[in-house]
Amino acid sequence: MGAQTMMRTLIAIDGERFLLGADEDVGELKRRIEEAVQAGGRFVDFEAESSTMSVLISPRSAVTVVGMIGHDPSFPDVDPPGIGLPDY
């Protein structure tokens, strides 16, 4: 029996990485992040894999969104190679 392939999304905000919940609407989250930047800063809420997050997004925030294809739904290693996320 083979493992089921699934698409998951990783978001990095100022170097902190979060595996988004499977039901999180990535397009809507990106829109809310853009609105927070345009407003000069505000908190943006989203569902991470096992928790609810509230992150202050400002015009200086560095945000990266990465779609990952994997075979293990737990994704024990959420630092995918080759995307160049800085460590703080």
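Start by selecting Glu 28: at 30% relative accessibility this residue is partly exposed (buried is under 20% relative accessible area, exposed over 50%, partly exposed in between, with a 1.4 Å probe and protein chains only). You are looking at a predicted model, where local features need pLDDT of at least 70, side-chain atom pairs count only at pLDDT 80 or more, and totals for chains, interfaces and linings use all residues. Residues are numbered from 1 along each chain as its sequence is written, and side-chain values use heavy atoms, leaving out hydrogens and water.

Salt bridges with shared partners join Glu 24, Glu 28, Arg 31, Arg 32 and Glu 35 into one network.

Next, pick Glu 24, which also pairs with Arg 32, at 3.1 Å from N to O. Which of these two is buried and which partly exposed? Glu 24 counts as buried at 15% relative accessibility, while Arg 32 is partly exposed at 22%.

Zoom out to the whole of α1, residues 26-38 (helices are DSSP runs of H or I with at least four residues, strands are runs of E with at least two, numbered from the N terminus). At 1.5 Å a residue, its 13 residues should span 18 Å, and the end C-alpha atoms are 18 Å apart, which agrees; the expected span is 1.5 Å times one less than the number of residues. Color Leu 29, Ile 33 and Ala 36, which are buried. They cover an arc of only 60° around the axis, so they lie on the same side of α1; the arc is taken from the directions from the helix axis to the C-beta atoms.

After α1, click on Gly 40, whose phi is positive, near 90°.

Now jump to Arg 8, whose side chain forms a salt bridge with Glu 49 (3.6 Å, N to O). This pair links distant parts of the chain, 41 residues apart: Arg 8 is in strand β1, Glu 49 in the loop between β3 (42-47) and β4 (52-57). Arg 8 is buried, at 6% relative accessible area, whereas Glu 49 is partly exposed at 41%.

Finish at Thr 9, also in strand β1 (residues 6-13) and buried at 14%. Beyond its neighbours within four places in sequence, Thr 9 has contacts that include Phe 18, Val 26 and Val 65 (heavy atoms within 4.5 Å).

Key. A salt bridge is a side-chain nitrogen of Lys or Arg within 4 Å of a carboxyl oxygen of Asp or Glu.
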